[in-house]
Amino acid sequence: TDLNPPTATGVASAQQPSDQGQQGAYLTTAQGARLRDTDHSLKAGERGPTLLQDHHLREKITHFDHERIPERVVHARGAAAHGVFEGYGTADKITKAGFLAKGKQTPVFTRFSTVLGSRGSADTVRDTRGFATKFYTDGGTFDLVGNNMPVFFIQDGIKFPDIIHAGKPHPDREIPQAQSAHDTFWDFVSLHTEAQHHTIWNMSDRGIPRSFRMMEGFGIHTFRCINAEGATTLIKFHWKPKLGVHSLTWEEAQLACGMDPDFHRRDLADAIEAGAFPQWELGIQVFEDTPEQTFSGIDLLDPTKIVPEELAPVQPVGLLTLNRNPLNYFAETEQVAFHPGHLPPGIDVTDDPLLQARLFSYLDTQITRLAGPNFSQIPINRPHAPVNDMFRDGWHQDAVHSGVAPYRPNSLDGGCPFTAGVEDGAFIDVELKLPQAATKLRDQPASFDDHFSQARLFWVSMSPAEKDHIISAYAFELGKCYEKAIQERQLRCLARIDAELCGEVASRLGLPAPSPEESPAEVDPSPALSQAGHRWPVD
Ligand code: HEM
């Protein structure tokens, strides 16, 4: 390939950073002209005005003026590390993905993040955490872009802008920064009750992890595996931390927010520097790929549902070890670009409507965030597999492509027709099993309508101390709402989950506990609210 040739060792240059412009014996301009002085601008006389002709001054300031790029629209705050993934060979029967083969070692880069805070926000806020891993496999890059909770707020990606608008700071005052404590957040999750399952995970201790090293990770969606014979299986990905799952107490989280807002990123970097390399086992739950795509009555295309591990055990397929800190935060952690559609042969998507929207969103946003379509040439994003994609030109094109015929087949450049057999290819055709009279519609399967039973399952699986933390979290966060009608609507949702939970939260809010028979409120926006709009109290 003429694009992104690998370095002599076959490793992308993020692993072998250049020292350009940082360590030389003398300072130069960006064009390599030697400089005698970078502390004083060129002036007309010692006390005179600065001259426009001072190229070094203008070049230095101009470059500085453009140092920032937009932060991620979500998951803006993160910390990352390099590492290695070693396959166990246990998944060979269900997938031809080579990086899972026994003993196969693959370089990886993992970025952990909060979802809602801006790039400079604190680490220990109550929020979901991102857990995204880039596997630089021989068969092309595989990104496992997951979270530390096994379910998501919404069942269809078309609602993603809405849940994020509801969770981000209010548009007028841009407060608060944390996920909860929002009238808009509680308004959304009490009206879109599919969000109640994810919300109870957030209100539990999982919402305030002790360390990135002690978090589980989940791919959430069901993915499809394809083996060497073309047979398909449905799977869900799980990361299990070797250190176990641990959380902060609420009081610890508050102290850390104030005293060390970088608590999690410091912990990750310090541990790796000290040689205490964090490890996670990658595991999969495996399901038969039936036309119904359900397991034990659970719809596998519904990302608000888990499949309990008692019903489908998590089977280990490999080990992740993070063993090297990034050398440069901007070059690596900030510029890395994950995408749930970066899949190697042997792993494919399913029709989960949340996943389907994600497949569009990440590339689209990265074209803005990383200024153009060529960000896969940035060292941290370069595949370690050879690239021959025929993509040409565009902003920040680093490759000097040779040849005149960027298309295949061609008869000018010795361009060959496709030689890879179907069995080698990614995104292979999987037979579509559509009902005969399929029509376009904006609707969802009836199986997506149960919004409370798994939230209840989560609640009843908690110990008394964990239940107490959940009650306190709901009471604290809902207590920050200005609108009583929103608190009451969320209490009606809690009544659907569990009477004890609802009663305790209601009493701490000083409100009556509704009965489970009252409207769950999906279609019950309070007329008073919708007519008056939101008002900040003036006292
Ligand atoms: C970023 C996870 C749903 C759009 C991220 C990141 C993670 C993540 C971990 C941060 C990646 C990084 O470290 O750079 C998830 C999970 C989801 C989900 C687990 C549901 C199961 C969605 C949906 C959309 C979306 C439905 C849009 C339709 C985005 C965008 C970014 C992002 C635009 C920023 C990407 C960038 O700027 O590089 N997501 N997400 N996500 N996600 Fe999601």
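Student: Which residues does UniProt list for "active site"?
Tutor: H75 and N147, from an unreviewed entry. Keep in mind that this is a predicted model.
Student: Where does H75 lie?
Tutor: In the loop between α1 and β1.
Student: Is H75 buried or exposed?
Tutor: H75 counts as buried, because 21 C-beta neighbours fall inside 10 Å. The cut-off for buried is 20 or more.
Student: And N147, where is that found?
Tutor: N147 is in strand β4, residues 140-147. N147 counts as buried too, with 23 C-beta neighbours inside 10 Å.
Student: What does N147 touch?
Tutor: Leaving out residues up to four places away in sequence, N147 touches T128, R129, G130, F131, F218 and I220.
Student: New topic. Which residues does the "binding site" annotation cover?
Tutor: In the unreviewed UniProt entry, R72, R111, F160, R358, Y362 and R369. R72 sits in the loop between α1 (55-65) and β1 (78-87). Y362 lies in helix α8, residues 353-369.
Student: What does Y362 touch?
Tutor: F338, H339 and P340, not counting residues up to four places away in sequence.
Student: Now the inside. Which residues touch the most other members of the largest nonpolar core?
Tutor: I200, F237, Y474, L494, I497, C502 and V505, out of 86 residues in that core. Helix α11, residues 484-497, gives the most to this core, with six residues.
Student: How do α11 and α12 pack?
Tutor: At an angle of about 155°, with their axes 6 Å apart. That makes α11 roughly antiparallel to α12.
Student: Which residues make the contact?
Tutor: From α11, they include L491, L494 and I497. From α12, they include C502, V505 and L509.
Student: How many of the contact residues are nonpolar, polar or charged?
Tutor: Ten are nonpolar, one is polar and none is charged.

Definitions and conventions:
Residues numbered from 1 in each chain as written. Predicted model: local features only at pLDDT ≥ 70, side-chain atom pairs only at ≥ 80, totals over all residues. Core = buried A, V, L, I, M, F, W, Y, C linked by C-beta atoms within 7 Å. Buried ≥ 20, exposed ≤ 12 C-beta atoms within 10 Å, placed from the backbone. Helix = DSSP H or I, 4+ residues; strand = E, 2+ residues; numbered from the N terminus. UniProt positions renumbered as here; feature names shortened; annotations may be inferred. Contact = placed C-beta atoms within 7 Å. Axes fitted to C-alpha atoms, helices over the stretch in contact; angles between N-to-C directions. Parallel < 35°, antiparallel > 145°, perpendicular 65-115°, else oblique. Nonpolar A, V, L, I, M, F, W, Y, C, P; charged D, E, K, R; others polar.
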